[in-house]
Amino acid sequence: MDELLDDLRSKIKDGTYPPGSQLPAGRALAASYDVSHSTIQRAIAALREQGVLVGRPGRGVFVAESTRR
């Protein structure tokens, strides 16, 4: 999962997912990384705890406007 976290952080840092942007759906991310949906959910939870991502109920997961990277 560390590689997944590193890759997501890298994509946020390089602007693939800029601040305020919505991440693809969990199942789409799981398919693109060839991992289980639960692995994606754990990665998203870890990044949310770190303040990199924010969840918006009913809307999805977004890159925080101001991240503590």
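Predicted model: local features only at pLDDT ≥ 70, side-chain atom pairs only at ≥ 80, totals over all residues.
I started at Leu53, which touches Ile12, Leu23, Ile44, Leu47, Arg48, Val61, Phe62, Val63 and Ala64, leaving out residues up to four places away in sequence; contact here means heavy atoms within 4.5 Å. Numbering runs from 1 along each chain as its sequence is written, and side-chain values use heavy atoms, with hydrogens and water left out.

Of its 17 residues, Tyr17, Leu23 and Leu53 touch the most other members. Helix 3 gives the largest share, five residues.

Then I went to helix 2 (residues 26-33) and helix 3 (residues 37-49), whose axes come within 8 Å and cross at roughly 110°. I took axes as lines fitted to C-alpha atoms over the stretch in contact, with angles from 0 to 180 degrees between N-to-C directions. That makes the two helices roughly perpendicular, a label for 65 to 115 degrees. On the helix 2 side I found Gly26, Arg27, Leu29, Ala30 and Tyr33 in the contact, facing His37, Ile40 and Ile44 of helix 3.

Which residues of helix 2 are buried? I got Gly26, Leu29 and Ala30, with buried meaning under 20% relative accessible area and exposed over 50% (1.4 Å probe, protein chains only). These buried residues pack against helix 3. On the other side of helix 2, Arg27, Ala31 and Ser32 are exposed.

Key. Helix = DSSP H or I, 4+ residues; strand = E, 2+ residues; numbered from the N terminus. Parallel < 35°, antiparallel > 145°, perpendicular 65-115°, else oblique. Core = buried A, V, L, I, M, F, W, Y, C linked by side-chain atoms within 4.5 Å.
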